[in-house]
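Below are some notes on the chain architecture, for comparison with the coordinates.

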Amino acid sequence: MSHRILPALVLVAVTAALTACGGGEKEQPSAADPTSAPPPASAPATAATPPVPSDAPSSAPSTAEPTVTGSTERRPPSPPPVELPPRKAGEPSAREVVAAFRAAGLKAGKSKDRSVDCGPDGLGLGCSEIVVTDGVAVYVFPDEVSATDMADVWAGASFRSGTVVLNYLEAKTPRADRPAYEKALTALD
């Protein structure tokens with residue numbers, strides 16, 4: 001595109017936009033109106049500036065931008081809290097299981113509550129709680145069916161007792177240590 005044509009295209013685009021925003025037919029300018037005469041052929045075309053509203057200060061350059069009308073929706077500053085399904089009454093919490101491991105002298109340091117990974121409204125893994133330690137990951141489910149389903153998915157790398165599933169993959173629990181964790185978990189029942 002030639003640099004001589006660019007100002008003319010800008011003028012045409014601005015004129016079309018102003019005409020579209022005008023909302024209707026305008027009076028034809030009279031021949032006596034000097035502002036309506038086209039620029040002389042020797043003068044370069046310049047970009048037109050949009051009209052300045054009558055209430056705007058006359059010394060300020062026009063930087064008119066489209067305005068948004070109507071209401072705008074405000075979003076909350078953070079996501080809503082995650083609603084997890086409650087664990088079954090009488091079943092141990094993930095923190096209670098971790099405390100039992102520590103009481104039995106098992107490796108269960110650096111515990112971290114990752115219950116948010118259960119998913120919003122329990123739609124992720126469908127669990128109620130997750131606590132991961134450096135020895136094992138403890139998952140608590142709202143019912144035994146959900147716990148059994150997840151233990152089956154992690155077959156060979158998990159242990160289930162009631163609604164609690166121990167996941168050995170995440171913490172990379174050595175095979176030799178797994179029976180001690182399982183014994184401590186079943187002692188809670």
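1. The model is predicted. About 13200 Å² of accessible surface is computed for the protein chain, with 58% of that area belonging to carbon and sulfur atoms.

2. Burial is limited to 26% of the 189 residues of the protein chain. Among contacts between residues at least 6 apart in sequence, 54% link residues at least 24 apart.

3. The protein chain has 4 helices and 5 strands. Their order along the sequence is α-α-β-β-β-α-β-β-α.

4. How are the strands arranged in the sheet? The 5 strands form an open sheet with antiparallel pairing, in the order S1-S2-S3-S5-S4. Strand S1 (112–113) and strand S4 (158–161) are the edge strands, each pairing on one side only.

5. Strand S2 (residues 129–132) and strand S3 (residues 137–140) run antiparallel and are joined by 4 bridges. Within this pair, Val 131 has Val 138 of S3 as its bridge partner.

6. Helix H2 (residues 94–103) lies across S1, S2, S3 and strand S5 (164–167), and runs at about 145° to S3. Helix H3 (residues 144–153) also packs on the sheet, where H3 touches S4 and S5. The direction of H3 makes about 165° with that of S4.

Note on methods
Residues numbered from 1 in each chain as written. Predicted model: local features only at pLDDT ≥ 70, side-chain atom pairs only at ≥ 80, totals over all residues. Heavy atoms only, no water. Helix = DSSP H or I, 4+ residues; strand = E, 2+ residues; numbered from the N terminus. Buried < 20%, exposed > 50% of the residue type's maximum accessible area, 1.4 Å probe, protein only. Contact = heavy atoms within 4.5 Å. Areas by Shrake-Rupley, 256 points an atom, 1.4 Å probe, with all protein chains shown as cover. Pairing = 2+ DSSP bridges. Axes fitted to C-alpha atoms, helices over the stretch in contact; angles between N-to-C directions.
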